[in-house]
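Colleague: I'd like to learn how to read a model like this one from the ground up. Could you walk me through it?

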Amino acid sequence: MLIFNIRGENIEVTQAIRDYVEKRISKLEKYFEKDMKNTAHVNLRVYPDKQAKVEVTIPLPYLTLRAEEVSNDLYASVDLVTDKLERQIRKYKTKVNRKSREKGFKNLEFIPNETQPADDSDDESKFDVVRTKRLALKPMDNEEAILQMDMLGHDFFIYEDADTSGIDIVYRRNDGRYGLIETGEE
């Protein structure tokens, strides 16, 4: 079951807009476990040039889905972002199913990510921590970590290596390829 947190910037979120967003994004519920309640954070933004941007983030226990789209029509942006999220889910499920078959797993256990709110401080120093995230690292290989990183739209991703149990970091290089930082003893 999806719970919606819809926010508008430079736009009033009318009941018609809210209904459309909920109807479209609710189609993704078929991919989620039936008894889980997940929150879809939706940010609608209209720019002065009338471009409409829709950002959707759905934190799940085993994955964070995130997508954004910009177009001349708010409703079209909602459609595009929903399609993008559905492609992410399918890609992830295919990847996880293939990896579990290769490694002989029957059931994969996912570890939830926990987010902790930032400490609000009035000091505007450039070294202030403005946001803190606390997360449980899921054991995975570097291919799955790159997939997670791409789905989140980040430039790096921290994970526990399934083979070595070490903490590793994958990152996107300036040339578009990927790098890997392995931690642990030499």
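Modeller: Gladly. Let's begin with pLDDT, which is the predictor's confidence in each residue, on a scale from 0 to 100. This is a predicted model, and the protein chain has a mean pLDDT of 81, with 82% of its residues at 70 or more.

Colleague: Which elements have the lowest and the highest mean pLDDT?

Modeller: Strand E5, residues 113-116, has the lowest mean, 38, while H1 has the highest, 94. Over residues 106-123 the pLDDT is below 50, and this stretch has 32 contacts in the model beyond near neighbours in sequence.

Colleague: How many helices and strands are there in the protein chain?

Modeller: The protein chain has three helices and 10 strands. Read from the N terminus, their order is β-α-β-β-β-α-β-β-β-α-β-β-β. As for how the chain comes together, 41% of the contacts between residues at least 6 apart in sequence join residues at least 24 apart. Of the 186 residues, 35% are buried.

Colleague: Let's take one helix. How do I read its sides?

Modeller: Here is the general idea: an α-helix has 3.6 residues a turn, so residues three or four places apart point the same way. Now the case: H1 spans residues 15-26, and its 12 residues reach 16 Å from the first C-alpha to the last, close to the 16 Å expected.

Colleague: Which residues of H1 are buried, and why do they count as being on the same side?

Modeller: Ile17, Val21, Arg24 and Ile25 are the buried residues of H1. They cover an arc of only 90 degrees around the axis, which puts them on the same side of the helix. The face turned away from that buried side carries the exposed residues Gln15 and Lys23.

Colleague: And the core? Which residues touch the most other members of the largest one?

Modeller: A nonpolar core is a set of buried nonpolar residues joined through side-chain atoms within 4.5 Å. The largest here has 30 residues, and Ile25, Phe32, Val42, Ile58 and Leu65 touch the most other members. At least two residues of this core come from each of E1, H1, E2, E3, E4, H2 and H3. H2 gives the most, with seven residues. Apart from this core lies another, of eight residues, among them Met140, Ala145, Met149 and Val170.

Colleague: What does Phe32 touch, leaving out residues up to four places away in sequence?

Modeller: Phe32 touches Leu2, Asn38, Ile58, Leu60, Tyr62, Leu65 and Ile89.

Colleague: How many aromatic pairs does the structure hold?

Modeller: The structure holds one. Tyr20 and Tyr75 form an edge-to-face pair, 4.8 Å centre to centre with 80 degrees between the planes. Tyr20 lies in helix H1 and Tyr75 in helix H2, so the pair ties together parts that are 55 residues apart in sequence. Tyr20 is partly exposed at 23% relative accessible area, and Tyr75 is partly exposed too, at 32%.

Colleague: One last topic is the backbone. Where is Lys50 found, and what is its phi?

Modeller: Lys50 is found in the loop between E2 and E3. Its phi is positive, about 75 degrees, although Lys50 is not a glycine. Lys50 is exposed, with a relative accessible area of 63%. Ser165 is another case: its phi is about 65 degrees, positive although Ser165 is not a glycine. Ser165 sits in the loop between strands E8 and E9, and at 49% relative accessibility it counts as partly exposed.

Technical notes. Residues are numbered from 1 along each chain as its sequence is written. Side-chain values use heavy atoms; hydrogens and water are left out. Helices (H or I, at least four residues) and strands (E, at least two) are DSSP runs, numbered from the N terminus. The expected span of a helix is 1.5 Å times one less than its number of residues. Buried means under 20% relative accessible area, exposed over 50%, partly exposed in between (1.4 Å probe, protein chains only). The arc is that of the directions from the helix axis to the C-beta atoms. Contact means heavy atoms within 4.5 Å. Rings of Phe, Tyr and Trp (its six-membered ring) pair if their centres lie within 6.5 Å; planes under 30 degrees apart count as stacked, over 60 as edge-to-face and the rest as tilted.
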